[in-house]
Amino acid sequence: MSHAAFVHSLWTMSADAPRKIPAPQIEYAQLSPTLIVLGAACLGILAEAFLPRRLRYPVQVLLTAVGLAAGFAAVVALAAGGYGTGKAHVAAMGAIAVDGPALFLQGTILLVALIAVFTFAERRLDPVAHGRAVDSFAAQGAAVPGGEAEQEAVKAGFTTTEVFPILLFAVGGMLIFPAANDLLTLFIALEVFSLPLYVLCALARRQRLLSQEAAVKYFLLGAFSSAFLLFGIALLYGYAGTVTYAGIADVVNGTVRTVDPALASTTGNDALLLIGGALVLVGLLFKVGAVPFHMWTPDVYQGAPTPVTGFMAAATKVAAFGALLRLLYVVLPGLRWDWRPVMWGVAIVTMVVGAVVAVTQTDVKRLLAYSSIAHAGFILAGVIAVSPDGVSSVLFYLAAYSFVTLGAFAVVTLVRDAGGEATQLAKWAGLGRRSPMVAAVFAVFLLAFAGIPLTSGFTGKFAVFKAAAQGGAVPLVVVGVLSSAVAAFFYIRVIVLMFFNEPQAEGPSVAVPSVFTSAAIAVGVAVTVVLGLAPQYFLDLAGKAGVFVR
Amino acid sequence: MNPVNYLYLAAVLFTIGAAGVLIRRNAIVVFMCVELMLNACNLAFVTFSRLHGNLDGQIIAFFTMVVAAAEVVIGLAIIVSVFRTRHSASVDDASLLKL
């Protein structure tokens, strides 16, 4: 059939009986982690609509925690059923991959989210307002800060318990993101987890101007970057005539030979492939927070409510690196001679800029933001390895890093003065003398960020750099180690500040948390130490999970 | 007409949108420019769909429209709440978060 006639047949009907469209085959059991989380989110919305106000908080916390735990149980069941290794395949008509990396990252995201829920639910840190315990979220998000409506909302004891279902929707998107096996699913998952995060950023109880500003910046830049991603998808679709990863990879590898002559200008056109691939990478690197697409990170991390920052910093990075890995390893391996030099440059710039700019920071949350940029660079070094070792080292690093981040931001919520959280570094001087316990815990997290042996950070960094060196990227490893040294300087400086400086007279106090935040911090410390002292089991787990399905 | 011309149009629209995001100062206009970029993507999808003779691109265009609508809801909510606080929608005024 000629090209024109074929296209024409799309708009006209032949005289034959209309063909039956086969119903899509969806493997619900294999998608159960995502479905459970999204189902719990819908239940949460219903609870928000129908329950009386005083019941919402306990019900939402319970529902969210149970939903995430059930999702994690489903991931474990799938992994135990062999879907991570032998039975790995592509489910839902080619839209979602069920394989080792997907299940490993989904499990990580679910655990991270479960701990984040604990920090979301904390209600003992803020002073009691009008006889009611309050959390980190605005009484009424839509009320003008400092206005009458807000005062009335605070007086009436309103709380934004919607954050729990919003969190669940974000988690649902993050679960799909690293498992997406076609570009359309990738884009939809990106939006499903980004849009709830924009809202969460705007909901801080204290310093609402900063919070709203962070949300505007995050939203505008996030929408900008997702437009780039979408245009890249359009060009790749034009290049391959399909959006499935396997289909595009076939055209990239040149295994498709039956190119319609009428399509010679599009199918297999390298310009479309290179520009499209680059634009998709821009969208993913933005979510990862790699230089030069990192501009939003410090502002958003600083302005967002700290529990949200912790969740976002940990879970978004896991999901985005998962999607980046799958794109580079499944769709574009045939193009690796083109993307590896670019990713080399991005990784080097990211490591150096993250580490060097962090030295000048005076705010704890901004410091942690730049540290997260530097860590994105370290993880990119593992991505570049293009080997199964590279994949599993990145998986391990992500799991280790996300718990450290979550714990560090949970500690930041504890250090307070009259204006809420005291995030200025100068105020942290002498914290170790006032509250040795909290300062010691924060020191553990900082040492893990710095990659000091006996912490999870060292194991992760070692695995990533080893994989990168074996992949032939020795100069990259040298730059990585040097910028780790720079990064260690400012982490150690904070420790020195906490333990060896005199406390200020008007310094902040450490609030006594409820069991929620205590549990979150305890889990963070436990994972950090266990992954540092006895990482072998988890390294093996990541090693077994390191193969993508096609 | 050669359908490839629609691709050039899509690229031009996308560039205008991207330039607008970088140049314009009103958050609403910046956001409209993002929407223009999304619509340029839609045009590219539909054109490629026509060129390849399969329907994937047209289906994706529908998804993009839904996503754009959801983005409008979230974006306008955030921008309006900032506007009510500051009585300004300029992205230059949003400068509290700096080193």
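What should the 19 residues of helix 10 (residues 270-288) of chain A span at 1.5 Å a residue, and how far apart are its end C-alpha atoms?

Modeller: The 19 residues of helix 10 of chain A should span 27 Å at 1.5 Å a residue, and the end C-alpha atoms are 26 Å apart, which agrees. The expected span of a helix is 1.5 Å times one less than its number of residues. Directly after helix 10 comes Gly289(A), with a positive phi near 85°.

This is a predicted model, in which local features need pLDDT of at least 70 and side-chain atom pairs count only at pLDDT 80 or more, while totals for chains, interfaces and linings use all residues. Residues are numbered from 1 along each chain as its sequence is written, and chains are lettered from A and ligands numbered from 1 in the order in which they are written.

Chain A contains 21 helices and five strands; these are DSSP runs, numbered from the N terminus, with helices (H or I) of at least four residues and strands (E) of at least two. The radius of gyration of chain A, 24 Å, is close to the 24 Å given by the globule rule for 550 residues, so chain A is as compact as a globular protein of that length. The radius is taken over C-alpha atoms, and the rule is 2.2 Å times the number of residues to the power 0.38. Of the 550 residues, 59% count as buried (20 or more other C-beta atoms, placed from the backbone, within 10 Å of the residue's own).

Helix 7 of chain A also has 19 residues, and reaches 27 Å from its first C-alpha to its last, close to the expected 27 Å. Helix 7 is mostly covered, with 19 of its 19 residues buried.

Turning to the partner chain, 41 residues of chain A are in contact with 39 residues of chain B, contact requiring C-beta atoms, placed from the backbone, within 7 Å. Helix 7 (183-201) is among the helices of chain A that each supply at least two residues to this side, together with helix 1 (3-11), helix 8 (208-240) and helix 11 (296-303). Helix 8 of chain A gives the most, with 18 residues. By class, the side of chain A that touches chain B has 28 nonpolar, nine polar and four charged residues; Ala, Val, Leu, Ile, Met, Phe, Trp, Tyr, Cys and Pro count as nonpolar, Asp, Glu, Lys and Arg as charged, and the others, Gly among them, as polar.

Terms used
Buried ≥ 20, exposed ≤ 12 C-beta atoms within 10 Å, placed from the backbone. Contact = placed C-beta atoms within 7 Å.
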